[in-house]
Amino acid sequence: FKIGDFSIKDFINDILLTDEAREYLNELGEEHISFVQYCYEHEDLFNARDLVNYALWTYDKEGENQHVLSEEVIFFQDNDMDIYQKKSWIKNGWMYKLDNDYYEGIDDKDSFEVFLKNTFGALDFTMESFYKKVIKEHDTDICDNVGGSETDSDTEESIDVLTFLGENFKLIFEDHANDRFTSLPLYRYDVWDAITDRDVEVYLYDENLKSLLDSDWMPADIVYMLEDKYNDIFAKYPQLRKKLEISKYTFKGFKENLLNDIDSLKNSIENKDYNIAFHRFMLDNKDDLTKSDYKTISQISIYATDNDGNEEAHSVEEPLYISNNYMEAGKGVEAMVKKYDETAYFTSDAYLSEDADEMEIAAWKDYFVCLGVSFNIHDIVFNSILPNLEDIKEKDIPILLSNYYDDFHAEDVWDTVIDDLKKINVLVKSGEEDFLPLKDALFNDCYKSEPYPYLVIEDETSDIYKKHPEVMRLLREIVEEGQSVKDTDFR
């Protein structure tokens, strides 16, 4: 055998750094402290990270002494480290605190810690190191396990995580672009359900929104609202609120959620009282409604009464008129509509509050008009008179219709009304109450006096129409249109 000169360098390289020595040293008890101090005394003989596979004595989250490698994340003792290690959302085993007994007899603690960092891989506790070694490595676990107790501690725990995220927003979301925490569980004000996605819009707690969500007519889960405890943390860190896509309540924002799911809304307000409550809510916010909003709302039925006073839900797409109670005095149209259309419906008076004043009444009228509810003579002509023209026998009807000549000839309108116009009845010369369909009457548009006034052609259109050139123009075009069709029954 060979006997050589003893050197500490050879001892370190040939003995301490062998696998056999490492296995033995990693099982040492208190003597391990003297081993580490011995290595420190000869730190110049070690290369960086020579001892990273050598365990150090530490304390875990529960205060238990543990012999672990630096890959298990060993921090030097630090006040912040103590605080975060105790957090409920930091699990035991995620990080360890170096045993202070290693410092016994060490004069230069800073130099000693530099040695432990370089050689063993121990770490200073900083937000950067804590994030990289603990938070980033366990972000999914944190998000999956925050809360779950169905007590107030669920909210408090998630707020504690939010506080960390807010304090370190730049580090986490900007420097490291970590979006995993955008699905951190947050808790609703009404049930112990965690919100982990943003498929449904999430709102901060708001009393006005709470009143809405608690309304009987509101569809379930159309939006989520957080507990009020979250308001302070998101007020303190507004950029975090935006990152986690938490909205503040405004009617403009909320209406998009409400009107986008029109089918759920329809099902939710089938009840008359709920329907009225919904329309009243919209009326209260009508200044923020757009044309597109009104178009969507018009899909919701309105309760209406017929000529017999029967009330039922009625579609705006079918003829519907504003009742006199919503109109200015003397401007109601009910009487005229009922004269020509026995099947007409009128908006229910139930939408008005008990003490409705002129301002509320005017607001309802404007609201109904924007929804497409009929309210004027033009609407009556198109919705009630034209469809029933075949049964109406009044000498003034051709005169009334002539006032809408330009409307009939608006783009793409004529073809939709001519078939109804062809059914018009006109007064004929046989008597004051004698009417014939225009197609069966002798239409005479000659303005010259009759050469034989004593001769009366009984089925000739009455001369009263010749007093109105605009009437003759309309009747002439109806006749020409009728005669232009093959197999026509116009004279």
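Which backbone oxygen does the side chain of Asn-26 reach? Select Asn-26 and Asn-53 to find out: the side chain of Asn-26 comes to the backbone oxygen of Asn-53 at 3.2 Å. A polar contact here is a pair of N or O atoms within 3.5 Å; within protein, one must be able to donate a hydrogen and the other to accept it, and residues adjacent in sequence count only if both atoms are side-chain atoms.

Before moving on, note that this is a predicted model, in which local features need pLDDT of at least 70 and side-chain atom pairs count only at pLDDT 80 or more, while totals for chains, interfaces and linings use all residues. Residues are numbered from 1 along each chain as its sequence is written, and side-chain values use heavy atoms, with hydrogens and water left out.

**Stop 1: around Asn-26**

Asn-26 sits in the loop between helix 2 (19–25) and helix 3 (31–41). Helices (H or I, at least four residues) and strands (E, at least two) are DSSP runs, numbered from the N terminus. Asn-26 counts as buried because its relative accessibility is 15%; buried means under 20% relative accessible area, exposed over 50%, and partly exposed in between (1.4 Å probe, protein chains only). Show its neighbours too: leaving out residues up to four places away in sequence, Asn-26 touches Asn-53, Tyr-54, Ala-55, His-67 and Leu-69, where contact means heavy atoms within 4.5 Å.

**Stop 2**

Next, select helix 3, where the buried residues are His-32, Ile-33, Phe-35, Val-36, Gln-37, Cys-39 and Tyr-40. They pack against helix 1 (8–16), helix 2, strand 1 (56–59), strand 2 (65–68) and helix 5 (109–120).

Then go to helix 6 (residues 127–135), with Ser-129, Phe-130, Tyr-131, Val-134 and Ile-135 buried. Their packing partners are strand 3 (74–75), helix 4 (79–85), helix 7, helix 8 and helix 9.

**Stop 3: the nonpolar cores**

Now colour Phe-254, Leu-258, Phe-278, Met-282, Tyr-367 and Phe-368, the residues with the most contacts inside the largest nonpolar core, which has 44 residues. Such a core is a set of buried Ala, Val, Leu, Ile, Met, Phe, Trp, Tyr and Cys residues joined through side-chain atoms within 4.5 Å. Elements that each supply at least two residues of this core include helix 13 (251–260), helix 15 (272–284) and helix 18 (358–371). Apart from it lies another core, of 43 residues, among them Phe-164, Phe-181, Tyr-230 and Ile-233.

Zoom in on Phe-254: its contacts, not counting residues up to four places away in sequence, are Tyr-203, Leu-209, Leu-212, Leu-213, Met-218, Ile-222, Val-223, Tyr-249 and Phe-281.

**Stop 4: two positive phi angles**

Select Glu-150, in the loop between helix 7 (139–145) and helix 8 (152–167). Its phi is near 55°, a positive value in a residue other than glycine. Glu-150 counts as exposed because its relative accessibility is 53%.

Ala-177 is in the loop between helix 9 (169–175) and strand 5 (186–187). Here phi is near 45°, again positive in a residue other than glycine. With 55% relative accessibility, Ala-177 counts as exposed.

**Last stop: Asp-199**

Finish at Asp-199, in the loop between strand 6 (194–195) and strand 7 (202–203). Asp-199 is exposed, at a relative accessible area of 74%. Draw a distance to Leu-474, 275 residues apart from Asp-199 along the chain: their C-alpha atoms are separated by 58 Å.
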